[in-house]
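Good morning, and thank you for making time for this item.

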Amino acid sequence: MNKKIPMRQCTGCREMKPKKELIRVVKSPDGDISIDFKGKKSGRGAYVCPDTQCLKRAIKARAFERAFDMKIPDEIYESLQGQMEAGDEE
C-alpha cells in the first residue's frame with residue numbers, strides 16, 4: 001500500500017509540492033516567527049520553496065504577513081535568503 005505524501009502550497013509560486021521539499025516558517029503560539037527546518041515546531045506554518053525567486057515573490061506579495069496576520073521581522077527574510085543561498089552552493 002502506498003503511503004500518502006503530504007503536500008503544501010508554496011507562498012511564492014503558489015504551487016503544491018511535497019512538504020519535505022519546502023522550507024517552513026512558523027509562528028509560535030506566543031507570536032514569535034522562526035524558521036522550522038525539522039517541521040516539528042508547534043504553531044502556524046507557512047511554506048516556501050528553497051528558491052530565492054519564490055522567496056522574493058512571497059515578500060513582494062506579503063504572503064507571510066497575510067498568513068500570520070502580523071508584520072514579519074526583516075531578520076527572518078534575511079535568514080531565509082541566507083539559507084537558500086547557502087543551499088545553492090552545495
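Predicted model: local features only at pLDDT ≥ 70, side-chain atom pairs only at ≥ 80, totals over all residues.

Which elements each supply at least two residues of its lining? They are strand β1, residues 7–9, strand β5, residues 44–48, and helix α2, residues 63–68. Of these, β5 provides the largest share, namely 4 residues. The lining consists of Arg8, Gln9, Thr11, Arg14, Arg44, Gly45, Ala46, Tyr47, Ala63, Arg66 and Ala67. Sorted by class, that lining has 4 nonpolar, 3 polar and 4 charged residues. The volume of this pocket is about 190 Å³.

The largest pocket holds about 440 Å³ of space. Two elements give two or more residues to its lining, β3 at 23–27 and α3 at 74–89. Helix α3 gives the most, with 4 residues. In total, 20 residues line this pocket, and those nearest its centre are Lys19, Lys20, Leu22, Phe37 and Lys38. By class, the lining is made up of 9 nonpolar, 3 polar and 8 charged residues.

I now move to the sheet. Three strands form an open sheet in the order β4-β3-β5, and the pairing is antiparallel.

Ala46 has already been named, as one of the residues lining the second largest pocket. Towards β4, residues 33–36, the strand β3 is joined by 4 bridges, again with the two running antiparallel. Here Arg24 stands opposite Asp36, and the bridge partner of Val26 is Ser34. Is β3 mostly covered or mostly open? Of its 5 residues, 4 are buried, and the strand is thus mostly covered. The hairpin of β3 and β4 has 5 residues between the strands, and within this hairpin Gly31 takes a positive phi near 95 degrees.

Next, the aromatic residues. How many aromatic pairs does a search of the whole structure find? There are 2. One is formed by Phe64 and Phe68, whose ring centres are 6.5 Å apart and whose planes meet at 15 degrees; the pair is therefore stacked, since planes under 30 degrees apart count as stacked. Both residues lie in helix α2, 4 residues apart, which is about one turn of the helix. Phe64 is buried, with a relative accessible area of 2%, and Phe68 is likewise buried, with a value of 2%.

The other pair is Phe64 with Tyr77, and this one is tilted, at 6.3 Å centre to centre and 45 degrees between the planes. The Phe64–Tyr77 pair links distant parts of the chain, with Phe64 in helix α2 and Tyr77 in helix α3, 13 residues apart. Tyr77 is buried as well, with a relative accessible area of 9%. Taken together, Phe64, Phe68 and Tyr77 form one aromatic cluster.

Finally, the backbone. As background, most residues other than glycine have a negative phi. Against that, Arg14 has a positive phi, near 65 degrees, and is not a glycine. Arg14 sits in the loop between β1 and β2, the latter being residues 16–18, and Arg14 is also among the residues that line the second largest pocket. Where is Arg62 found? Arg62 lies in the loop between α1, residues 52–60, and α2. Its phi is positive too, at about 55 degrees, although Arg62 is not a glycine.

To close, I would return to two points: the sheet order β4-β3-β5, and the cluster of Phe64, Phe68 and Tyr77. Thank you for your attention.

Note on methods. Residues numbered from 1 in each chain as written. Heavy atoms only, no water. 1 Å grid on protein atoms, 1.4 Å probe; cavity = no way out; pocket = protein on both sides within 12 Å on 5 of 7 lines; lining within 4 Å. Points joined across faces, edges and corners; volume = space filled by probe spheres on them. Nonpolar A, V, L, I, M, F, W, Y, C, P; charged D, E, K, R; others polar. Phe/Tyr/Trp six-rings, centres within 6.5 Å; stacked < 30°, edge-to-face > 60°. Buried < 20%, exposed > 50% of the residue type's maximum accessible area, 1.4 Å probe, protein only. Pairing = 2+ DSSP bridges.
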